[in-house]
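Please keep the sequence and the model at hand while reading.

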Amino acid sequence: MILRLFEYFARYPKKEGVLSMFINGESPYTEYAELLGYVKKMPAPLLPDIENFVFGQSYDDVKKRVECITGSYLFVDFGEFSSTRDLRNSISDVQKLAVTVALKVPDNADIMEVCIASNKTLSLLAACRKIIIEDSENNRLPWGGKVAHQHDIIPFVAPEFKSIGWTLMLTSDTPDVFDVKSSFIQ
């Protein structure tokens, strides 16, 4: 599930900004080479004005990544899951996602530069949201779920990241994403 999210969102920013996440170049995990190969073969980015990619859930890892980049970035924080089961043993798994488009701004940026950065990142996030909704409506989300109709877009003001931007908070509902129901059938 997590790696499918990575592959999906890695298509948005510039390829170089995704490749720079593979700092070690190789790993004992076979998935590492597969993901690296996937990224190398990706076509042109969906939103080439986004220069970098940040993917993670650990504050320390995200901070370390953001410190190494300049310009704009797409930050995907894959959140928690909640699950419900009805009387017929139908299972629905809901994942919370935070999708942020941000721009690093210098410490000496004035209020108008911050406004411009905010405007640019909001436009990029709106374009990202449009693609996500279209993919959800056309069953093109690789994890097989649907994005809920209700979303929140909130400001992303992160002095510790020297960044300004906007975050799309959404949920994705997928039937039995962890294949629990098959254990009831056996």
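Phe-55 and Phe-78 are both buried. Buried here means under 20% relative accessible area, exposed means over 50%, and partly exposed lies in between (1.4 Å probe, protein chains only). The model is predicted: local features need pLDDT of at least 70, side-chain atom pairs count only at pLDDT 80 or more, and totals for chains, interfaces and linings use all residues. Residues are numbered from 1 along each chain as its sequence is written, and side-chain values use heavy atoms, with hydrogens and water left out.

**Aromatic pairs**

How many aromatic pairs does a search of the whole structure find? The search finds eleven. Rings of Phe, Tyr and Trp (its six-membered ring) pair if their centres lie within 6.5 Å; planes under 30 degrees apart count as stacked, over 60 as edge-to-face and the rest as tilted.

Helices (H or I, at least four residues) and strands (E, at least two) are DSSP runs, numbered from the N terminus.

Why is the pair of Tyr-59 and Phe-161 stacked? Its ring centres are 5.7 Å apart and its planes meet at 25°, so the pair counts as stacked. Tyr-59 sits in helix 4 (residues 59-67). Phe-161 lies in the loop between strand 5 (152-158) and strand 6 (163-175), 102 residues apart from Tyr-59.

Ring pairs also join Phe-6, Phe-22, Tyr-32, Phe-53, Phe-55 and Phe-78 into a cluster.

**Accessibility**

| Residue | Relative accessible area | Class |
|---|---|---|
| Tyr-59 | 42% | partly exposed |
| Phe-161 | 6% | buried |
| Gly-165 | 2% | buried |
| Cys-68 | 61% | exposed |
| Cys-128 | 0% | buried |

**Gly-165**

Gly-165 is part of strand 6. Which residues does Gly-165 touch, not counting residues up to four places away in sequence? They are Val-101, Ala-102, Thr-121, Pro-155 and Phe-156. Contact means heavy atoms within 4.5 Å. Val-114 is 51 residues from Gly-165 in sequence, and the two are 9.3 Å apart in space, C-alpha to C-alpha.

**Cysteines**

A disulfide is a covalent bond between the sulfur atoms of two cysteines. The cut-off used is a pair of cysteine sulfur atoms within 2.5 Å. The structure holds zero disulfides. Cys-68 is exposed, whereas Cys-128 is buried.
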